[in-house]
Amino acid sequence: MKTQCLCFLILCLHLSPDRCQPVLAGNLHPLILVPGLGGNQIEASLTAAYEPTAPACRPRDDGWFRLWLDRSALLDTQSQICFAERMRLFYVPEADDYCNAPGVRTRIPLFGSTMGFRYNDPDHKDDLSSYMAPLVERLEAIGYVEGETLFGAPYDFRYGLASAGHPSRVGSRFLRDLAELVENASASNGGKPVIILTHSFGGMLALQLLDRLPATWRKRFVKHFVPLAAPWGGTVLEMGIFATGTNHGLPFVDNLLMRPESQSWESNLWLLPSPRTFGEAPIVVTNHGNFSASRMSAFLEGVGFSEGVGPYQNRILPLLQELNPPLIPVTCIAGTGVATAEVFVYGDGGFDELPEIVYGDGDGTVNLVSLLAIESEWFSFPEQDLKVIKLPNISHLDIVRHDSALSVVIEEILEINDGALRANS
């Protein structure tokens, strides 16, 4: 009966979505979207304490502006320097926590809504900027309504979380806000538990939320957890970012100018390959020695980021040793079969030159062994309801944009809701 009901819904939505929407609307479990790293907007304002490295970086007014992402503010070298210094984080040993650059205030707009991460740059709604807009549109097509049954949880993705005993002001505040959003979304929908649908790094944050709250809370408020392309064990690509920088997916940005900024993000430390997942295999090969996930501190020293060693060892590494099952239903969806960096080989030019890359399997961003880490980690927990779906030839971003991937995601959301639909029919 369940399969017949679900098939009817899919066929109905394909042939006549407008007629199906009213049927579904009152029966949907509320859904919260959590984007991945770099997926939502960050706004900034600059105070008198801000001391730019160049006159051109001085603010033109005292107001708030979009720091991430505004492509028009990244078109030349000087503007890229300004952007990088405003996006940097600093670890303060005395506080054992991270903070913004002096004089830079930041805020995350549109919390509770999906409007802040449909496009990376809302001024340029093109393929380069499109992020979760296609996924949101497909959710709306099956009856989800922004602010009623559909909610978003953007966050300051530069920050991460810390292991027990270490403060994490920004990351912990986000988890509190996310928990409150879950509770409010459930309350405003007649007490229905919530579906948490995440992409990439958002899945790691959501799992931490579930791990840090009691089982009674999870069972009351969360119907299902659906992580898409989650880098459970980190990604080899991060070591390339720490070594050579990143252009943030914008071909006109200088990756070396972005290197100090990218190295400073607490979240990027968290996304480095986990020793638990990647073991002793060489990942970065140089003329002066090789580095594996198990030699991460030596790697950070080698790329000139010695200030990251302490936070990595004390705050991040303990987090990487745990991947606890939440003991609520989980459907993990990941792309496979896309060439993904597995080893970086640096030559005589060192880390200032782009390396040769040896590729393996994954989604083009996250390695397969990391995408599927929970499958092996949770195997010994029969009480964990886990479904793993592999999507051949689907990349890290295509999983929230490509029609074939979105059809699978929507089918899973319909299946999760199917029980509620039948109960109310």
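What follows is a short talk on the sheet, the helix packing and some aromatic pairs of this structure.

Please keep in mind that this is a predicted model, in which local features need pLDDT of at least 70 and side-chain atom pairs count only at pLDDT 80 or more, while totals for chains, interfaces and linings use all residues. Residues are numbered from 1 along each chain as its sequence is written, and side-chain values use heavy atoms, with hydrogens and water left out.

Let me start with the sheet, where helices (H or I, at least four residues) and strands (E, at least two) are DSSP runs numbered from the N terminus, and where two strands pair if DSSP finds at least two bridges between them. Six strands form an open sheet in the order E7-E1-E8-E9-E12-E15, with parallel pairing. Strand E7 (150–152) and strand E15 (386–392) stand at the edges with a single partner strand each, so one side of each is left without a neighbour in the sheet. Within the sheet, strand E1 (residues 31–34) is joined by four bridges to strand E8 (residues 194–199), the two running parallel, and Val34 stands opposite Thr198 in E8.

Turning to helix packing, axes are lines fitted to C-alpha atoms, for helices over the stretch in contact, and angles run from 0 to 180 degrees between N-to-C directions. The axes of helix H8 (residues 236–244) and helix H9 (residues 255–264) come within 7 Å and cross at roughly 110 degrees, and H8 and H9 are therefore roughly perpendicular to each other, given that angles under 35 degrees count as roughly parallel, over 145 as roughly antiparallel, 65 to 115 as roughly perpendicular and the rest as oblique. Helix H3 (residues 77–87), by contrast, packs with H9 at an angle of about 10 degrees, their axes being 8 Å apart, and H3 and H9 are therefore roughly parallel to each other.

Finally, the aromatic rings: those of Phe, Tyr and Trp (its six-membered ring) pair if their centres lie within 6.5 Å, with planes under 30 degrees apart counted as stacked, over 60 as edge-to-face and the rest as tilted. By this rule the count comes to 13 aromatic pairs. The rings of Tyr155 and Phe201 have their centres 6.4 Å apart and their planes at 45 degrees, so this pair is tilted. Tyr155 lies in the loop between E7 and H5 and Phe201 in helix H6, so the pair ties together parts that are 46 residues apart in sequence. Both Tyr155 and Phe201 are buried, where buried means under 20% relative accessible area, exposed over 50%, and partly exposed in between (1.4 Å probe, protein chains only).
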